[in-house]
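My notes follow in the order I took them.

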Amino acid sequence: MGRGLAVVRGIALVGLRPLEVRVEATCSPGLPVLKLVGLPDAAVREAGERVRTAIQRHGLRWPGERVVVNLAPADLPKVGSSFDLPLAIAVLAATGQVPMAAASRTWACGELGLDGSVRAVTGQLPLVAGARQLGARELLVPAGAAAEAALVTGLTPVPVTDLTEVVAALEGRRRVAPLEPVRPCPGPAAPDLADVRGQPLARRAVELAAAGGHHLLLTGPPGCGKTMLAERLHGLLPDLTTDEAIEVAAIHSLAGERRPDDPLRIRPPLRAPHQVVSAAALVGGGAGVPRPGELSLAHRGVLVLDELLEIPRAVLDALRQPLERGEVVLSRARARISYPGAVLLVGATNPCPCGHLGDPRRACTCRPDRIERYRARLSGPLLDRLDLQVPLQPVARAALVDGSPGEATAVVAARVAAARTAAAERWEPGRLNRDADAALLRRTTTRPALARLAAALTGLGASARAFDRMLRVARTIADLEGREVVGPGHVDEAVAYRLPPVPVSA
Ligand SMILES: [Zn+2]
C-alpha cells in the first residue's frame, strides 16, 4: 500500500530565469522498479540509477515495491544533476524514512555521488539565487557550495555533505551555524594608464568609453598599443556592487567557469576571445540548453575583439542585436532563452590586410581593392555602434622611452566615477549615457549644439541612429566637465570620433 505522495521542490533554469520544479514520489505494490516521468534529459534519467545506488550504499532503504517519480511541470526542460537531491528526499519521504511534512517544505538542489555524498553542480549559484526568487526561505545545498550560497540574501542555505546529514536536517536534528559568505576579491591590480606614453586622442577616447559605456574601435598598425589601451580601459571601470558581482558570478557559474569556492570577484570581467571564435562561442548557443557566450561572460565589463576584421562577417553580425539590447536572446524549439550581455565592446583592427597603411615606418603593400574588401567586412550597422573610432599612429620610439608619463589610472578613474554618478542621477540608477533615452537626451542639449550636430551629420553621411549615438558621446564629454547641458563644443569633439578612416590612397 502506498504511503501517500511525497513532494520536494527543486529549481530549473531557463537562461538565468528560475522555475519551480515539483519532484513527486509514490510507492505502490508491484515489482521493485523505478519509473521516472517528465524527464526529457538523459542526465536526469541517469539520476534515477544514481539516487537508488546512493540510497542503498548509504545504508538507507530502497523500497521493495514500485516507485514512481514525477518531475512537474512535464514540459519544462530539466537538465543536469541538480534534481538528484530533491529526488532522493522525495523517495525517502515516500518510504517513511524522513517526515513527509518536512519534505513538503523542503527546497533542495545538488548532485549525489554513488556513495551518498552531496556535490555541487554546474550553475549552483544561479540555482540558489533562483530558489530565493521563487520564494524559498531555506535551501538544502551541497556543503561545498554553502559559502557561495550564503552570498544570496534572504535565504538560509542548509549545507549537507551526505544523505545522513540530509535525513538529520529533515528530522530537525541538524543545527546550522550562520555561514560566512565567500569573500569579495578585488583581483590582480590592473595595468596603469600612466604607462601609456603619447596617444592623447586614444587616452581621451578610453576615458570617454569608461565614463559613458561607449563602444570603441581602435585602428592602427601592429605594435601601436591597441591591447595595452583596452586593458587600461578595463582598469578605469568602477568595482561592481555586490548584487552585480553575484549576477556576473551566476553567469560564470552557469558556463562552468566558476567553482563554488572561488572568491566573489568585484572587478568587472574582461574577456578577449580569439578571432577564430564561433558565433555560438561569442553570443551563446550550442546543442541542448544553450550556454552563455563570451558576450555574457563579459556582462558589466569589457569585451575585447582583437583583429576585428579577421572575424567572419556572420559572427560579427550576431553581435549587433545584443549590443543594442544589452542581452542575448537565443530561440530554441521549446523555449526562448536570454542571457544578460551589457558590455563595453573594444574592437581593434589593422587599417589594411598588411597592417601598415598610414604607417610612416613601413610602406603598405596592399592593393586598393583588397583594402576596400577588408574594410567592407566591418558592416555599416556594426560600425554604427562603435561610437568612438580612433586611428592610432605608431608611437615614436622617443615617446615610448622618454615621454613623460600620462595621468595615472586612479586620477582618471575618479573623473570616470563622477561622470557615471552624474549620468545615473540624471537618468536612473545604474544607467549609462550609452543607454540614455533619445528624447530626454535632447532636452539636456542646447539648440545650437543640436544644429551643429545635424550639420556635421550631413557631411559624414551618417544615419539618424548615429545622431543619437553621437549626442550620447557629447553628453559624456559634458559630464566629464561637470556641465548640466551639452553645448556645441561637446558636440564637436564627439563628431571628431566619427571621422572617416585613413583614406585608401594614403
Ligand atoms: Zn596594407
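Predicted model: local features only at pLDDT ≥ 70, side-chain atom pairs only at ≥ 80, totals over all residues.

**Entry 1: helix on the sheet.** I began with helix α8, residues 226-236, which lies across β10, β12, β13 (302-305) and β16 (344-349). Its direction makes about 170° with that of β16. For such angles I use lines fitted to C-alpha atoms, for helices over the stretch in contact, with values from 0 to 180 degrees between N-to-C directions. Contact here means heavy atoms within 4.5 Å. Helices (H or I, at least four residues) and strands (E, at least two) are DSSP runs, numbered from the N terminus.

**Entry 2: ground rules.** Residues are numbered from 1 along each chain as its sequence is written, and side-chain values use heavy atoms, with hydrogens and water left out.

**Entry 3: burial of α8.** How many of the 11 residues of α8 are buried? I found 8, so the helix is largely enclosed by the rest of the structure. Buried means under 20% relative accessible area, exposed over 50%, and partly exposed in between (1.4 Å probe, protein chains only). The buried residues are K226, L229, A230, R232, L233, H234, G235 and L236. Their cover includes α7 (200-212) and α16 (409-426), along with β10, β12, β13 and β16.

**Entry 4: the parallel sheet.** I then traced the sheet under α8. It is open, has 5 strands and runs β12-β13-β16-β10-β17, with parallel pairing. Two strands pair if DSSP finds at least two bridges between them. β12 (270-271) and β17 (388-391) each have a single partner strand, so one side of each is left without a neighbour in the sheet. Strand β10 (residues 216-219) joins β17 through 4 bridges.

**Entry 5: the mixed sheet.** Another open sheet has 4 strands in the order β1-β2-β4-β3, and its pairing is mixed. Which strands stand at its edges? They are β1 (6-14) and β3, each pairing on one side only. Neighbouring strands are turned by 20° against each other on average, direction ignored.

I went through the pairs in turn.

- β1 and β2 are antiparallel over 9 bridges; V7 has E24 of β2 as its bridge partner.
- β2 (residues 17-28) and β4 (residues 66-72) are antiparallel over 7 bridges; A25 stands opposite V69 in β4.
- β3 (residues 34-37) and β4 are parallel over 4 bridges; K35 stands opposite V68 in β4.

**Entry 6: whole chain.** The protein chain has 20 helices and 17 strands. Its C-alpha atoms fill a box of roughly 85 × 45 × 45 Å, taken along the principal axes. Of its 506 residues, 51% count as buried. Among contacts between residues at least 6 apart in sequence, 74% join residues at least 24 apart.
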